[in-house]
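User: I would like to learn how to read aromatic pairs, and then the overall fold and the pockets, in a model such as this one. Could you take me through it step by step?

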Amino acid sequence: MTLTLFAIGVYTAATGSGLACEAQWPLCSDQLIPALTINPDFIEWFHRVWAMITGFLIIGVAAWTWLGSFDRRTRLAATLAVVVLPVQITVGAITVTIGGLVPDGYTVSTHAAHLIVALIIFTLLGLATLWGRDPGDRGGTTRLLGVALAIALAGLVGSVVLSRAVPFLTYSPGAQAWFYVAGLTAHLGLLATLVFATEATRGNYAGIDAATARTTRLLAGGSMALLVTTLLLGRDLVLYTSFWQRVNLVALGGAVALAVGAMWVVRRQSESRSMPIPTGGA
């Protein structure tokens, strides 16, 4: 729901529908529910409704971590997502009201804050999911890392195809929404890689040595940082000149290269573990 909300929010902004509803919030053009036809008012209103439902679900996730037998870090991540939620709601309201609640609310700074806070919530929910899972077989770390990195690379490839830095497709509102679906999928894959690799460095998993786990974590962390840069540049937060296009392209290429490097390190570890050990004497 949160990933879809992210994509809907991007589509709403890209179509200019964030300026609809006569710059009102929580009402939309003096109505609680606008005409249910595809128009800017409906797109903005639908974004708000989806956000409201997702917000209640986020609160429900946090409550479930306290009611269930989850550890402290899982509860902390889920609870922090709820704590940050009012900030996101406030920034969202400011963003769409222009001269309503706050003068000149529809600005680059509020858009940037809205995007960054959304990414924080998404990351916290990802951590709650990863930390709250059943660890299962603690000997299959290389397999877990391989799956996480495969998801990350699939998302990164999708980001390359859909990015405004690479002129494969027109960077239309629909393409922008799908770019963030791909980018956030890659973000989750890299986040899972960081979690699994960190647990391996602490000796919580067998099947991978601490040095390999640390290298994998470093590469995945670098890839994630560059990916976040491309996610920020995917919105109109800067005047998108040829300079910023090159920066975007370098960041995107670097994210892919580092993720590939992490995959290579994990594969090498897996192959070395599976090699037969010679027995017998001369």
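Analyst: We begin with the overall fold, then turn to the aromatic rings and end with the pocket. Please keep in mind throughout that this is a predicted model.

User: Which secondary structure elements does the protein have, and what pattern do they follow along the sequence?

Analyst: The protein has eight helices and zero strands, so that the pattern read along the sequence is α-α-α-α-α-α-α-α. Of its 282 residues, 46% count as buried, and among the contacts with a separation of 6 or more, 73% are made by residues 24 or more positions apart. The protein exposes about 14100 Å², of which carbon and sulfur atoms supply 70%.

User: How is a pair of aromatic rings described, and how many such pairs does the structure hold?

Analyst: A pair of aromatic rings is described by two quantities, the distance of the centres and the angle of the planes. The structure holds seven aromatic pairs. In one of them, Phe-46 and Trp-50 have a centre-to-centre distance of 5.8 Å and an angle of 45° between the planes, which makes the pair tilted. Both residues belong to helix H2 (residues 40–67), where they are four residues apart, about one turn of the helix. Phe-46 is partly exposed at 32% relative accessibility, and Trp-50 is partly exposed as well, at 22%.

User: Why is the pair of Phe-243 and Trp-244 edge-to-face?

Analyst: The planes of Phe-243 and Trp-244 stand at 75° with the ring centres 5.2 Å apart, and because an angle over 60 degrees counts as edge-to-face, the pair falls in that class. Phe-243 has a relative accessible area of 46% and Trp-244 one of 29%, so each lies between the limits of 20% and 50% and counts as partly exposed.

User: Which residues form an aromatic cluster, and where does the charged end of Arg-164 sit?

Analyst: Phe-6, Tyr-171, Phe-179 and Tyr-180 form one aromatic cluster. The charged end of Arg-164 sits over the ring of Tyr-240, at 3.9 Å from the ring centre.

User: What volume does the largest pocket have, and which residues are the closest to its centre?

Analyst: The largest pocket has a volume of about 1100 Å³. It is lined by 41 residues, and the closest to its centre are His-47, Arg-48, Ala-51, Gly-92 and His-114. Helix H1 (2–14), H2, helix H3 (72–97) and helix H4 (108–131) are the elements that give two or more residues to the lining, with the largest share, 12 residues, coming from H2.

Conventions
Residues are numbered from 1 along each chain as its sequence is written. This is a predicted model: local features need pLDDT of at least 70, side-chain atom pairs count only at pLDDT 80 or more; totals for chains, interfaces and linings use all residues. Side-chain values use heavy atoms; hydrogens and water are left out. Rings of Phe, Tyr and Trp (its six-membered ring) pair if their centres lie within 6.5 Å; planes under 30 degrees apart count as stacked, over 60 as edge-to-face and the rest as tilted. Buried means under 20% relative accessible area, exposed over 50%, partly exposed in between (1.4 Å probe, protein chains only). A charge sits over a ring if NZ of Lys or CZ of Arg is within 6 Å of the ring centre and within 35 degrees of the ring normal. Contact means heavy atoms within 4.5 Å. Accessible areas come from the Shrake-Rupley method with a 1.4 Å probe; for residues, only the protein chains shown count as cover. On a 1 Å grid over the protein atoms alone, a cavity is a set of points where a 1.4 Å probe fits but cannot get out, and a pocket is an open set with protein on both sides within 12 Å along at least five of seven lines; lining residues have an atom within 4 Å of a point. Grid points are joined across faces, edges and corners, and a volume is the space filled by probe spheres set on the points.
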